[in-house]
Amino acid sequence: MASEDEIKRAFQSGDDDGDDTLSVTEAVQAVEKLTGRSLDSSTIESACASCGVSTSREMDFGEFVQVVRHLESNNEL
């Protein structure tokens, strides 16, 4: 299980445009930086849906933590 500091670093490294939010594409990159594993965007979108995070806008750090924790709990990371 990743620490919140590790998740924060991955979030920041995935935030390509520096707006303190992640698109699904940026979230895929951030998860890869966090875990070294590649996930496709549909896996991230599914996790977002399960967490109530809208993919019609970019997610903030708290939402990204929820998505990562969901993926961890479902053994997808």
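## Basis of the description

Because the model is predicted, local features need pLDDT of at least 70 and side-chain atom pairs count only at pLDDT 80 or more, while totals for chains, interfaces and linings use all residues. Residues are numbered from 1 along each chain as its sequence is written, and side-chain values use heavy atoms, with hydrogens and water left out.

## Salt bridges

Two salt bridges are present in the structure, the term being used for a side-chain nitrogen of Lys or Arg within 4 Å of a carboxyl oxygen of Asp or Glu. Side chains of opposite charge can pair when their charged atoms come close.

One of the salt bridges links the side chains of Arg57 and Glu63, with an N to O distance of 2.5 Å. Arg57 is partly exposed at a relative accessible area of 42%, whereas Glu63 is buried at 14%; buried means under 20% relative accessible area, exposed over 50%, and partly exposed in between, with a 1.4 Å probe and protein chains only.

A salt bridge also joins the side chains of Arg69 and Glu72, at 2.8 Å from N to O. Both residues belong to helix α4 (residues 61-73), where they are three residues apart, about one turn of the helix; helices are DSSP runs (H or I, at least four residues), as are strands (E, at least two), numbered from the N terminus. Arg69 is partly exposed, with 24% relative accessibility, and Glu72 is buried, with a relative accessible area of 17%.

## Surroundings of Thr21

Thr21 sits in the loop between α1 (4-14) and α2 (24-35) and counts as buried at 18% relative accessibility. Its side chain makes a polar contact of 2.9 Å with the side chain of Asp19, and a polar contact of 2.4 Å joins the side chains of Thr21 and Glu58. Such a contact is a pair of N or O atoms within 3.5 Å; within protein, one must be able to donate a hydrogen and the other to accept it, and residues adjacent in sequence count only if both atoms are side-chain atoms.

When neighbours within four places in sequence are left aside, Thr21 is in contact (heavy atoms within 4.5 Å) with Phe11, Asp15, Glu26, Glu58, Met59 and Asp60. The C-alpha atoms of Thr21 and Gly62 are separated by 9.8 Å, and these residues are 41 residues apart along the chain.

## Annotated span

An unreviewed UniProt entry places the feature "domain: EF-hand" at residues 2-37; annotations of this kind may be inferred rather than shown by experiment, feature names are shortened, and positions are given in the numbering used here. In the model, residues 2-37 are 64% helix and 0% strand, and the end C-alpha atoms of the span lie 13 Å apart.
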